[in-house]
Amino acid sequence: MKIGIIMHSQTGHTLLVGERLREKLQSDGHEVRLMRMQNLENEEAKNPTAVQLDSLPETKGYDALVFGAWVQGFTLCPGFIKYAEQLPDLGQAPVSCFLTQQFRYKWMGGNRAMGKMKTLLKAKGAVVNSDAIINWSHKKRPQQIEELVARFSSQYKV
């Protein structure tokens, strides 16, 4: 399968998770492209219209897509919101999505951000098959990452 992994990552935490997933999917025989976007300036902007992204990764030409972003201010980061609002119709592409958040528990913004992310992607025609939230300051973070990689990669058979 040809799989696109699209990340909005400022500090590298979200990117790290995406890289681990890419490594696993490639070792399973998939063709994988990881694309990272970042805010150009004003990374703490709370309004998506104030955000300028360094790129708008393409979603066409993939058999499946994985989206990753981070939680900012108890909700989905504005950079990903801006990107998702500009997406073309995804044509019912199979999608997995994940978030990273600094707080230890999903209920501290992660669940709300995930709901927003899934709503944005579904509005573009995506079929969201899997989701996960990685709590960066939680002692079980490495286990959460490994569980995400195992669960997401098991969906795609060569």
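Predicted model: local features only at pLDDT ≥ 70, side-chain atom pairs only at ≥ 80, totals over all residues.
Local features need pLDDT of at least 70 and side-chain atom pairs count only at pLDDT 80 or more, while totals for chains, interfaces and linings use all residues. Residues are numbered from 1 along each chain as its sequence is written, and side-chain values use heavy atoms, with hydrogens and water left out.

Helices (H or I, at least four residues) and strands (E, at least two) are DSSP runs, numbered from the N terminus. Helix H2 covers residues 78-86 and helix H3 residues 110-123; their axes come within 9 Å and cross at roughly 15 degrees. H2 is therefore roughly parallel to H3. Axes here are lines fitted to C-alpha atoms, for helices over the stretch in contact, and angles run from 0 to 180 degrees between N-to-C directions. Angles under 35 degrees count as roughly parallel, over 145 as roughly antiparallel, 65 to 115 as roughly perpendicular and the rest as oblique.

On the H2 side, the residues that meet H3 are Phe-80, Ile-81, Ala-84 and Glu-85. Their partners in H3 are Lys-116, Met-117, Leu-120 and Leu-121, where contact means heavy atoms within 4.5 Å. By class, this contact has 6 nonpolar, no polar and 2 charged residues. Ala, Val, Leu, Ile, Met, Phe, Trp, Tyr, Cys and Pro count as nonpolar, Asp, Glu, Lys and Arg as charged, and the others, Gly among them, as polar.

H2 is mostly covered, with 7 of its 9 residues buried. Buried means under 20% relative accessible area, exposed over 50%, and partly exposed in between (1.4 Å probe, protein chains only). The buried residues of H2 are Pro-78, Gly-79, Phe-80, Ile-81, Lys-82, Tyr-83 and Ala-84. Their cover includes strands S1 (2-8) and S2 (31-37), together with S3, S4 and H3.

The whole structure holds 3 salt bridges, each a side-chain nitrogen of Lys or Arg within 4 Å of a carboxyl oxygen of Asp or Glu. In one of them, Arg-20 pairs with Glu-146, the closest N and O atoms being 4.0 Å apart. Arg-20 lies in helix H1 (residues 13-27) and Glu-146 in helix H4 (residues 141-153), so the pair ties together parts that are 126 residues apart in sequence. Arg-20 is partly exposed at 33% relative accessibility, and Glu-146 is partly exposed at 45%.

Asp-131 pairs with Lys-118, with the closest N and O atoms 2.9 Å apart. Lys-24 pairs with Asp-28, and here the closest N and O atoms are 3.0 Å apart.

Phe-74 is found in the loop between strand S3 (64-72) and strand S4 (75-76). Most residues other than glycine have a negative phi. Phe-74 is not a glycine, yet its phi is positive, at about 70 degrees. Its relative accessible area of 43% makes Phe-74 partly exposed.

Val-66 lies in strand S3 and is buried, with a relative accessible area of 0%. Beyond residues up to four places away in sequence, Val-66 touches Ile-3, Gly-4, Ile-5, Ile-6, Met-7, Leu-21, Ser-96, Phe-98, Phe-152 and Tyr-156. Val-66 and Ile-3 are 63 residues apart in sequence and 7.6 Å apart in space, C-alpha to C-alpha.
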